[in-house]
Amino acid sequence: MAHCIAVRWTVKEGELEAVLAALRPLVEASRAEPGCLLYQAHRSPSPDEPNVLFLYEQYADEAAYQAHAESEHFKAYAVGDIFARTESRDRAIYETFEP
């Protein structure tokens with residue numbers, strides 16, 4: 001079963017370009033992690049939510065996710081830059097299964 005993370009960020013007004021600039025190398029480095037199965041960024045198509053971003057991440061297991069959360073690129077780009085530029089951050093954790 002894959003360990004899945006669904007993240008929704010609302011970016012502060014005027015900070016979107018800076019967040020996108022930090023997100024690009026974060027996505028690239030995260031996709032290169034050995035336990036990362038999928039790391040996909042999304043933008044809201046609604047003109048009412050221009051600053052809403054959604055990330056969907058899949059890892060081979062919880063240990064792979066923990067390695068991601070402890071990685072230098074996550075600490076530098078997400079914790080050290082992006083998080084301060086957001087109004088809100090929501091995260092949900094799921095596991096894949098066969099019904």
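Contact here means heavy atoms within 4.5 Å. With that cut-off, and leaving out residues up to four places away in sequence, V52 touches R8, W9, T10, H42, R43 and S44. The model is a predicted one.

**V52 and its surroundings**

V52 sits in strand β3. Its relative accessibility is 10%, and because buried means under 20%, V52 counts as buried. One of its contacts, R8, is 44 residues away in sequence, yet the C-alpha atoms of V52 and R8 are 7.1 Å apart in space.

**Nonpolar core**

The largest nonpolar core has 21 residues, and those that touch the most other members are W9, L23, L26, Y39, L53, Y59 and I82. At least two residues of this core come from each of β1, α1 (16–31), β2 (36–43), β3, α2 and α3. Helix α1 gives the largest share, 7 residues.

What does L23 touch, not counting residues up to four places away in sequence? The contacts of L23 are W9, A41, L53, L55 and I82. Of these, W9, L53 and I82 are also named among the core members that touch the most others.

**Largest pocket**

Rolling a probe the size of a water molecule over the atoms shows where empty space is left. The largest pocket has a volume of about 210 Å³. Its lining is made up of 15 residues, with V7, W9, F74, F83 and R91 nearest the centre. By class, the lining residues are 10 nonpolar, 1 polar and 4 charged. Five elements each supply at least two residues of the lining: β1 (3–11), β3 (52–59), α2 (62–69), α3 (72–82) and β4 (86–95).

**Aromatic cluster**

W9, F74 and F83, which are among the residues nearest the pocket centre, form one aromatic cluster. The whole structure holds 3 aromatic pairs. In one of them, the ring centres of F74 and F83 are 6.0 Å apart and the planes stand at 80 degrees, so the pair is edge-to-face. The angle settles this class because planes over 60 degrees apart count as edge-to-face.

Are F74 and F83 buried or partly exposed? F74 has a relative accessible area of 16% and is buried. F83, at 21%, is partly exposed. The two values fall on either side of the cut-off, since buried means under 20% relative accessible area.

R89 lies in strand β4. Its relative accessibility of 44% makes R89 partly exposed. Not counting residues up to four places away in sequence, R89 touches R8, W9 and F83. Two of these contacts, W9 and F83, belong to the aromatic cluster, and R8 is also a contact of V52.

P34 is in the loop between α1 and β2. With a relative accessible area of 87%, P34 is exposed, because exposed means over 50%.

| Pair | Separation in sequence | C-alpha to C-alpha distance |
|---|---|---|
| V52 and R8 | 44 residues | 7.1 Å |
| P34 and A64 | 30 residues | 7.8 Å |
| R89 and L53 | 36 residues | 9.7 Å |

Note on methods:
Residues numbered from 1 in each chain as written. Predicted model: local features only at pLDDT ≥ 70, side-chain atom pairs only at ≥ 80, totals over all residues. Heavy atoms only, no water. 1 Å grid on protein atoms, 1.4 Å probe; cavity = no way out; pocket = protein on both sides within 12 Å on 5 of 7 lines; lining within 4 Å. Points joined across faces, edges and corners; volume = space filled by probe spheres on them. Helix = DSSP H or I, 4+ residues; strand = E, 2+ residues; numbered from the N terminus. Nonpolar A, V, L, I, M, F, W, Y, C, P; charged D, E, K, R; others polar. Core = buried A, V, L, I, M, F, W, Y, C linked by side-chain atoms within 4.5 Å. Buried < 20%, exposed > 50% of the residue type's maximum accessible area, 1.4 Å probe, protein only. Phe/Tyr/Trp six-rings, centres within 6.5 Å; stacked < 30°, edge-to-face > 60°.
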